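This briefing covers local features of one protein model, grouped by topic. Please consult the sequence and the structure shown below while reading.

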Amino acid sequence: MANGSGRPLSPHLQVYKLPLTALMSIAHRITGVGLGVGTLLLTWWLVAAAAGPDAFARAQGFIGSFFGLLLLFGWSAALYYHLCNGVRHLVWDAGKSFELTDTARANQIVLVATAVLTVLTWIVGLAAW
């Protein structure tokens, strides 16, 4: 594509497809923010536990609701993703696994490990509930 000056147009999001590594980098930043917000929910629950039975029952009621459990599931998935992707970045910081095949394999390992750890956590947690 060219504009009136004959120069090509810059690619935009409708044309340019981000590589998986770039998408995972963006997701790493988003999950970092999500972990901060989720930690506020955890803090509310702990403060409510210290504040007394009425405050704790209110917090527990919200967290035990469908929406609260959905938030906890997202928080746990974000936690494991951020952890696994952080380990990948530590490997890169050590100067290793910069080849495209290594990067593609690391992408898959991070995504599979995130899914497995999240599901295992919820299976164990719900079984104990």
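Arg 105 counts as partly exposed because its relative accessibility is 44%; the class spans the range between buried (under 20% relative accessible area) and exposed (over 50%), with a 1.4 Å probe and protein chains only. The model is predicted: local features need pLDDT of at least 70, side-chain atom pairs count only at pLDDT 80 or more, and totals for chains, interfaces and linings use all residues. Residues are numbered from 1 along each chain as its sequence is written, and side-chain values use heavy atoms, with hydrogens and water left out.

**Salt bridge**

- Arg 105 forms a salt bridge with Asp 102, and their closest N and O atoms are 2.4 Å apart; the term denotes a side-chain nitrogen of Lys or Arg within 4 Å of a carboxyl oxygen of Asp or Glu.
- The structure holds one salt bridge.
- Arg 105 and Asp 102 are separated by about one helical turn, because they are three residues apart in helix H4; helices (H or I, at least four residues) and strands (E, at least two) are DSSP runs, numbered from the N terminus.
- Asp 102 is partly exposed, since its relative accessible area is 22%.

**Second largest pocket**

- The second largest pocket holds about 160 Å³ of space.
- On a 1 Å grid over the protein atoms alone, a pocket is an open set of points where a 1.4 Å probe fits, with protein on both sides within 12 Å along at least five of seven lines, whereas in a cavity the probe cannot get out; lining residues have an atom within 4 Å of a point.
- Grid points are joined across faces, edges and corners, and the volume is the space filled by probe spheres set on the points.
- Asp 102 belongs to the lining of the second largest pocket, as do Val 91 and Ser 97, among others.
- H3 and H4 each supply at least two lining residues, and H3 gives the most, with five.
- The lining has seven nonpolar, one polar and two charged residues; Ala, Val, Leu, Ile, Met, Phe, Trp, Tyr, Cys and Pro count as nonpolar, Asp, Glu, Lys and Arg as charged, and the others, Gly among them, as polar.

**Val 91 and Ser 97**

- Val 91 is found in helix H3 and is partly exposed because its relative accessibility is 34%.
- Leaving aside residues up to four places away in sequence, Val 91 touches Lys 96 and Ser 97, contact being heavy atoms within 4.5 Å.
- The C-alpha atoms of Val 91 and Thr 101 are separated by 15 Å, the two residues being 10 apart along the chain.
- Ser 97 lies in the loop between H3 and H4, and its phi is near 65°, a positive value in a residue other than glycine.
- Ser 97 is partly exposed, with a relative accessible area of 29%.

**Largest pocket**

- The largest pocket has a volume of about 450 Å³.
- Of its 18 lining residues, Trp 45, Ile 63, Leu 69, Leu 72 and Trp 122 are the closest to its centre.
- Two or more lining residues come from each of H1 (20-51), H2 (53-63), H3 (66-93) and H4 (100-128), with the largest share, six residues, from H3.
- The lining comprises 12 nonpolar, six polar and no charged residues.

**Helix H2**

- Ala 55, Ala 59 and Ile 63 are buried in H2.
- Seen down the axis of H2, its buried residues fall within an arc of 65°, so they line one face of the helix; the arc is that of the directions from the helix axis to the C-beta atoms.
- The buried residues of H2 pack against H1 and H3, while Pro 53, Asp 54 and Arg 58 are exposed on the other side of H2.
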